[in-house]
Amino acid sequence: MVSPILLIAVPLILAFSVPLWGLIHKKLEKFVPLIAFGFNTYLIFRLLPFALTERTISVVIANIKPPFGINLAVGPFGLFFALIIQLVALATAFYLLSYDPPEPSDKFYMLFILLVLGSTGMVLTGDIFNLFVFLEITSISAYALTAITKTGPAAEAGFKYLLLGSLGSTLVLLGIALIYGSLGTLNMAHIAHRISGMDSRLVVAAAILFIVGFGVEAEMLPLNGWVPDAYQAAPIPVVALLSGAVAKAGLYALARVLYTLIGMPNIIMLLLTFGILTMFAGELAALRQNDIRRLLAYSSIGQMGMIMLAFGAFGVNSVFGGVLQAFTHGITKALLFLVLGVMALHTGGATDMESLRGFGRKFPYWSMLFAVGVLSTLGLPPFAGFWSKLALIIGVIIDGHPTYAALALIATFIEVFYFARLLSVIYSSKLSPKLVERSIRNTTIPLLSATFLAAIIIAVGLYPNVFFDLGDSASRALLNRAHYIFSIIGHYLQSMGGV
Amino acid sequence: MFGINMNPYELLAAVFGLGAILTYLLGHFDRHLKTWLTLITLALATYIFLHLPNEYSLESPSLLFGIDKLSWLFGILTLGLGTIVAFALLAYPELSPNFYFMFILNIGASIFLLLSRDLVAFFLMWELMSWTIFAMILGDGGAERGRAATKYLVWSAIGAAFILFAFAILAKSTNSFEWSGIVAGISQMPSGWRVAAIALLIAGFAVKAAIMPMHTWVPDAYAESPHPFTAFLSGVLSKLGIYGIFLAFFVLSARFELVNMPKIFGTHIFGYILAWIGALTAFGASLIAIKQEHAKRLLAWSSISQLGYILFGFGIGSAIGIAGALFHAVSHALFKTLLFLILAGVIKRTGTDRMAELGGLIKKMPLSFIFAVVGGLALAGIPMTIGFPSKWLIYEAAIHQGFIFTTVLIFAASTAVFLYYYRFVFSIFLGELHANHQDVKEVPFPIWFSYILISIPIFWLGLFPGKAMQIFAEIAEQFDLPAVTNFTATTITTPLGSFNALIVGLVFFASFAFGLLLYFIGGRTRKVHQYDTFLAGEADEPVKLHYGQRFFYFLERELKPLYRISVEKIYQFVAEFTRFVADQVRKGFFCGNAQAYLYYMTIFIVILVFAIWRIKL
């Protein structure tokens with residue numbers, strides 16, 4: 001087995017080597033993310049067979065075994081999210097080849113790699129303090145990348161994100177401190193094993209702090225005010241990562257902490273309510289939104305709400321639907337944003353509906369890619385979104401929450417409305433005067449990268465078997481708390497006399 | 001074949017998939033190639049469809065397919081009428097390859113929908129069928145088309161949500177995703193959930209079947225979709241909704257003891273409600289059809305009305321009712337496809353479907369006129385045509401069951417058919433020719449040939465309904481439903497008596513021929529020029545005296561209170577309200593003020609503390 005540590009170590013080295021590459025030739029910088037994520041994707045595919053089992057592998061760092069040393073806990077659930085993050089990162093890194101980064105470009109690429117690295121670390125780590133560290137790496141890179149264009153709106157959006165995000169991470173740190181103070185351990189498996197002995201009031205307090213802290217990244221309802229501004233102001237490749245990597249990592253952390261660490265069904269089921277509220281808020285806000293970037297941002301909130309709902313239903317069927325939906329949402333939103341970035345090249349940067357009216361008449365292939373993304377988001381076959389949405393709704397009902405499933409379905413009516421309107425604007429016969437025939441940049445590379453994502457969506461839609469298997473083992477792994485504990489610190493518990 | 005060892009089901013899917021992709025790719029090279037490729041695809045598909053083995057299961061994702069008499073019947077309708085519509089498409093080389101791609105995909109999805117034997121396969125095909133319609137309505141993207149397509153997709157999503165929810169309930173309670181398992185397990189379901197699931201399914205399918213109050217997308221979608229495709233949309237795709245209702249109401253409910261429910265006029269209350277909904281749909285829609293100014297909208301409302309008849313027949317649920325409803329589904333598929341194709345031809349030649357701007361086309365388009373009359377006869381249920389036995393059976397079922405009020409409504413709706421159809425034929429083909437239409441030609445060969453192709457079964461089943469009755473009896477037997485078994489090739493016998501369609505048809509034809517004879521030998525006619533008009537004895541400026549605008553104004557005036565009832569107003573209110581809330585959320589909640597967001601976070605923590613306090617400690 002290849003060591004999963006390379007998933008973090010290699011990009012880390014490459015990230016800080018970006019300026020060196022720039023010294024050789026300025027053009028070389030933009031290949032660094034591609035090399036890093038290309039390598040990571042290769043590693044992930046080597047690791048995927050393990051994701052199909054139910055095993056969680058503990059990767060010991062510095063030869064000190066958990067619960068004492070720092071370790072990675074590479075299980076099906078984490079690998080599934082790492083797969084999402086890597087696929088999005090790979091497509092985006094490829095897209096970057098033809099992208100003029102905001103200056104200073106070496107810092108842009110560095111932060112870009114760090115952002116992905118942080119999210120990957122979050123989903124792979126077995127140590128709660130490392131979870132916090134990776135959260136900080138992710139979110140600080142994300143704040144910086146949001147504001148990197150140094151325009152007014154970007155700075156404002158970055159500031160809002162920073163304000164909410166840093167407060168959130170502080171709360172996470174507080175939660176960790178509460179747990180560490182009571183249990184004296186930072187290993188997640190060890191905490192999970194011993195949490196039943198902790199004062200339940202402290203556990204609840206920690207749970208609240210975690211929900212609020214990770215909720216910021218996971219775009220949970222009252223904490224997602226930064227989302228529309230950041231999505232609108234950040235450079236397009238960063239936006240693709242915000243929904244494809246950062247939000248997913250936040251969601252992973254939320255699920256991991258609530259399911260594995262806290263493990264109280266009552267608290268997990270709070271996610272049902274938050275999920276529904278988030279969903280409605282996102283979809284309603286998107287309903288009358290005319291700027292497509294903001295529209296997609298709100299839709300992203302809505303989709304994240306739907307995934308949270310699935311995680312809140314606390315059952316293997318709904319979590320199965322939830323992880324599948326996380327996958328399709330990550331890939332699909334990345335596709336939509338990348339295509340939107342190219343659309344904006346043809347309108348001089350404008351992304352409102354009127355400027356893009358009739359885009360589909362002039363650029364049929366681009367619009368087809370966009371339509372694939374939209375139809376997949378709406379959960380229509382033969383795209384990946386069909387299977388995930390079907391699994392999610394049926395799962396939530398089978399796990400005994402038909403009311404929430406019905407509410408989720410009602411929220412999707414709104415979604416269908418604005419996406420249908422969006423498609424009818426893009427395929428309108430009237431042409432926007434802002435549309436130009438040729439974009440200022442060659443669009444071959446973005447085309448390939450968007451085609452790659454669309455191909456994933458269609459391939460998964462037509463042959464969902466592997467996808468189902470991965471989702472199945474991921475959801476089982478999340479719910480099987482005892483198995484997780486045993487895989488990581490089983491040897492330790494045995495040596496302690498099988499406590 | 002070709003040495004490939006493929007299951008016919010896989011082959012069928014491959015034919016549709018490859019056919020769609022090839023048609024799309026090669027369609028860019030030649031204007032007519034795409035239609036021919038479509039026809040070849042459909043011909044191959046029909047051949048395979050007729051030779052399908054009984055069952056086929058796909059391992060993973062585990063999907064189950066199979067064929068029985070019911071799917072055979074609807075499948076033949078879909079493929080047959082699809083082929084005929086595709087043939088008429090030869091006259092429309094201007095439609096884009098996208099359209100053909102979606103059209104083939106749509107037919108493929110419809111066929112596999114009919115063949116599916118488990119819920120996931122059914123829902124998969126249902127959704128595929130639904131959104132390809134959206135793509136075709138959107139088409140070249142006029143503003144109105146965009147609006148109609150959006151409205152359609154939202155309604156389609158509502159319908160799909162009902163269906164999905166019901167499927168999930170059924171799967172949860174019976175632990176099975178297969179139809180057979182659900183039918184076997186449904187009697188163990190708690191009765192409340194059972195009724196809810198079936199009601200939801202019927203409501204969901206009613207969207208596609210254009211049953212009131214789920215019909216509001218229909219007039220817009222029909223008016224804006226490509227004209228030849230409207231024929232398929234109304235003729236065939238609405239029948240898939242009917243197919244779904246049949247499954248939900250008979251296949252699922254037949255096993256549970258509807259008999260134990262309270263009865264009204266010998267029908268259990270569920271069926272009675274359906275019959276009322278059907279009758280109200282039939283009546284209301286035909287009233288609205290009367291006052292339409294656009295021919296496409298007129299036919300759209302007429303479709304809604306006729307689909308109401310079918311639901312009415314299902315609601316009665318007796319042997320005659322089921323046979324009549326199935327018969328009417330077939331007959332509506334045939335004659336509405338014909339009528340919409342005729343209208344497509346008229347629009348192709350004149351460029352409008354506004355009835356006030358048409359008229360007198362009988363001289364220019366005699367073939368179209370003749371077939372418009374044929375379609376109208378079938379629509380009105382006149383003997384010789386398929387409409388007669390199908391409507392007759394529904395009337396008989398209503399009378400036999402003793403449904404007084406609904407029968408009145410159904411008869412009134414039938415009268416309205418005469419009114420609006422007379423207007424359709426008169427405003428378009430009779431009266432005076434419009435000045436712009438002096439050199440209009442007959443529709444091109446592919447279109448009028450498709451008229452002939454559809455008219456064959458219209459007359460054949462109208463004169464010899466026995467063949468169709470045989471199939472309906474087999475379907476009824478397959479699902480343990482009461483069946484009309486007393487029939488010969490031409491005669492159908494019911495408890496109310498029997499009728500011989502051939503004799504009735506011949507008598508009718510004889511009297512028609514007699515009238516025609518009188519017309520030719522009796523009347524002395526003098527041919528005058530269209531503008532040779534005079535008023536009060538005075539020859540005035542030549543003026544066109546075609547009566548097309550507000551044709552039934554006198555009726556509209558009398559029926560004003562009825563027209564004021566509109567379910568659309570409720571939907572508009574809901575939409576308005578949603579928009580209002582949406583604006584509040586977008587502008588009020590996502591206000592862009594960082595301080596406010598921090599307040600939210602604080603409040604959220606407080607709420608969390610209280611929420612957990614209540615549930616946990």
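Strand β1 (residues 55-58) of chain B pairs with β2(B) in the antiparallel sense over 4 bridges; strands are DSSP runs (E) of at least two residues and helices DSSP runs (H or I) of at least four residues, numbered from the N terminus, and pairing requires that DSSP find at least two bridges between two strands. In this arrangement B:L58 stands opposite B:L63 of β2(B). From strand β2 (residues 63-66) of chain B, B:L63 and B:F65 point one way and B:L64 and B:G66 the other way, and all are buried. Buried denotes a relative accessible area under 20%, exposed over 50%, and partly exposed in between (1.4 Å probe, protein chains only).

The model is predicted: local features need pLDDT of at least 70 and side-chain atom pairs count only at pLDDT 80 or more, whereas totals for chains, interfaces and linings use all residues. Residues are numbered from 1 along each chain as its sequence is written, chains are lettered from A and ligands numbered from 1 in the order in which they are written, and side-chain values use heavy atoms, with hydrogens and water left out.

Helix α9 (residues 217-224) of chain B is largely enclosed by the rest of the structure, because 8 of its 8 residues are buried. Among these buried residues are B:W217, B:D220, B:Y222 and B:E224. The cover over the buried residues of α9(B) includes α5 (119-138), α6 (143-174) and α8 (191-208) of chain B, as well as α10 (227-252), α12 (295-316) and α13 (319-350) of that chain.

In chain A, A:S243 lies in helix α10 (residues 236-262) and is buried, with a relative accessible area of 0%. Residues touched by A:S243 (heavy atoms within 4.5 Å), not counting those up to four places away in sequence, include A:Y231, A:K248, A:H329 and A:F337.

The contact between the chains takes 69 residues from chain A and 52 residues from chain B. About 5,400 Å² is buried between chain A and chain B, 83% of it on carbon and sulfur atoms; buried area is the accessible area (1.4 Å probe) that two parts lose on being put together, summed over both. A:P222, A:R288 and A:F413 supply 11% of the area that chain A buries against chain B, more than any other three residues. The count between the two chains is 1 salt bridge, defined as a side-chain nitrogen of Lys or Arg within 4 Å of a carboxyl oxygen of Asp or Glu. A:R288 forms a salt bridge with B:D583, with the closest N and O atoms 3.0 Å apart. Helix α18 (residues 402-426) of chain A contributes 11 residues, the largest share of the side of chain A that touches chain B.
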